[in-house]
Amino acid sequence: MQYRRLGRAGLQVSELSLGSWVTYHNQVDTKSATEMLAAAFDAGINFFDNAEVYAQGESEVVMGQAFKALGWNRLDYIVSSKFFWGLQRDGVSVNRKDTLNRKYLLQAVDASLKRLQLEHLDLVYCHRPDPHTPIEETVWAMSDIIRQGKALYWGTSEWSAGDIRAAWEIAERHHLHKPVVEQPQYHLFHRKRVEQEYARLYDDIGLGLTTWSPLASGLLTGKYRSGIPAGSRGSLDNMAWMREQLQDKAKNDAVGQLAEVAAELGCNPAQLAIAWINRNPRVSTVILGASRIEQLRDNLGALTVVPKLTPEIVERIDAITKPLAG
């Protein structure tokens, strides 16, 4: 496992990390989470990603219980959470959902720390942009969270390049803590934001990336080429909205061609897809998701594939996937 700086920040994160979206509480209980966190840590992973909205806060509860059971030194691991959507959305007040206003952010971080049983978070993200709150208010609130010692760094997730730059410039002007990281979706079928829209931000402001959905919610594993298998992410009732994209015929046909390339390299399509992201020097860490420890270990095998991605192999991969990428 190699470690990379989070953009221009001094914090070093493992090139692969482990997230909890969909899996924790829904598919993974505390016992399984503890086992997977331990396996990830033993493999060199030091960054674990969460969000208050995952499983309506229960994902943070599971992760917090696992951390407590493992008893690691707090200097040895990095934990993140994200805020925007809020919890218990039906019938709640306007300041408890879909906002990045000061009141929500300063109270949300306290609740997250309680669920995770931590004294501070290493990273906090604005989980989505909020067009109804001035960016300046959000920047001040995030900077104050850091000043109060409740988090060490902050960033954004799925913000436009323009909004990220605006937030950075506000922080620069007022001598506040700047956003250092963005968490975008990035995989073989979803590229433009990372490769084009953010291109100038990497050098201009030192933006780091912690990318999510490396396998396009499982599409790039090849498991959906013959429909939705039982027990898969696509079979979950709360994931019904993604079934159409998981069964996209053109993309599943492309995955079949990727499988042939992977076989030549002695790996599987999932490992190939993760390795392809890992080779991008702008990516600080690739966030993996796993519902079973065997799946996690298999995905970690992507590290052995990276050196095999010669320019010729990358050209073949691009020829297969780039015409279908957004």
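Colleague: Let's begin inside. Which residues of the largest nonpolar core touch the most other members?

Modeller: Keep in mind that this is a predicted model. The largest nonpolar core has 91 residues, and the ones touching the most other members are Phe48, Leu121, Leu220, Leu272, Leu296, Leu309 and Ile317. Apart from that core lies another one, made of eleven residues, including Leu6, Tyr125, Val181 and Ile287.

Colleague: Take Leu220, then. What is Leu220 in contact with, leaving aside its neighbours within four places in sequence?

Modeller: Quite a list: His187, Leu188, Phe189, Pro214, Leu215, Val255, Leu258, Pro269, Ala270 and Ala273.

Colleague: Now a charged residue. Is Arg191 buried or exposed?

Modeller: For this you check the relative accessible area, where under 20% means buried. Arg191 has 4%, so it is buried. You'll find Arg191 in the loop between strand S8 (179-182) and helix H6 (192-197).

Colleague: And which side chain does Arg191 join through a polar contact?

Modeller: That of Asp318, with a polar contact of 2.9 Å. Not counting residues up to four places away in sequence, Arg191 also touches Tyr186, Trp276, Thr321, Lys322, Ala325 and Gly326.

Colleague: How about Leu152: where does it lie?

Modeller: Leu152 is in strand S7, residues 151-156. Beyond four places in sequence, Leu152 touches His120, Leu121, Asp122 and Ile146. Leu121 is also one of the residues that touch the most other members of the largest core.

Colleague: Last one, pockets. What lines the second largest pocket?

Modeller: With a pocket, look at its space and then at its lining. The second largest pocket holds about 250 Å³ of space. Its lining residues include Glu52, Arg96, Lys103, Tyr104, Gln107 and Arg115. By type, the lining divides into four nonpolar, four polar and four charged residues.

Note on methods: Residues numbered from 1 in each chain as written. Predicted model: local features only at pLDDT ≥ 70, side-chain atom pairs only at ≥ 80, totals over all residues. Heavy atoms only, no water. Core = buried A, V, L, I, M, F, W, Y, C linked by side-chain atoms within 4.5 Å. Buried < 20%, exposed > 50% of the residue type's maximum accessible area, 1.4 Å probe, protein only. Contact = heavy atoms within 4.5 Å. Helix = DSSP H or I, 4+ residues; strand = E, 2+ residues; numbered from the N terminus. Polar contact = N/O pair within 3.5 Å; in protein donor to acceptor, adjacent residues only side chain to side chain. 1 Å grid on protein atoms, 1.4 Å probe; cavity = no way out; pocket = protein on both sides within 12 Å on 5 of 7 lines; lining within 4 Å. Points joined across faces, edges and corners; volume = space filled by probe spheres on them. Nonpolar A, V, L, I, M, F, W, Y, C, P; charged D, E, K, R; others polar.
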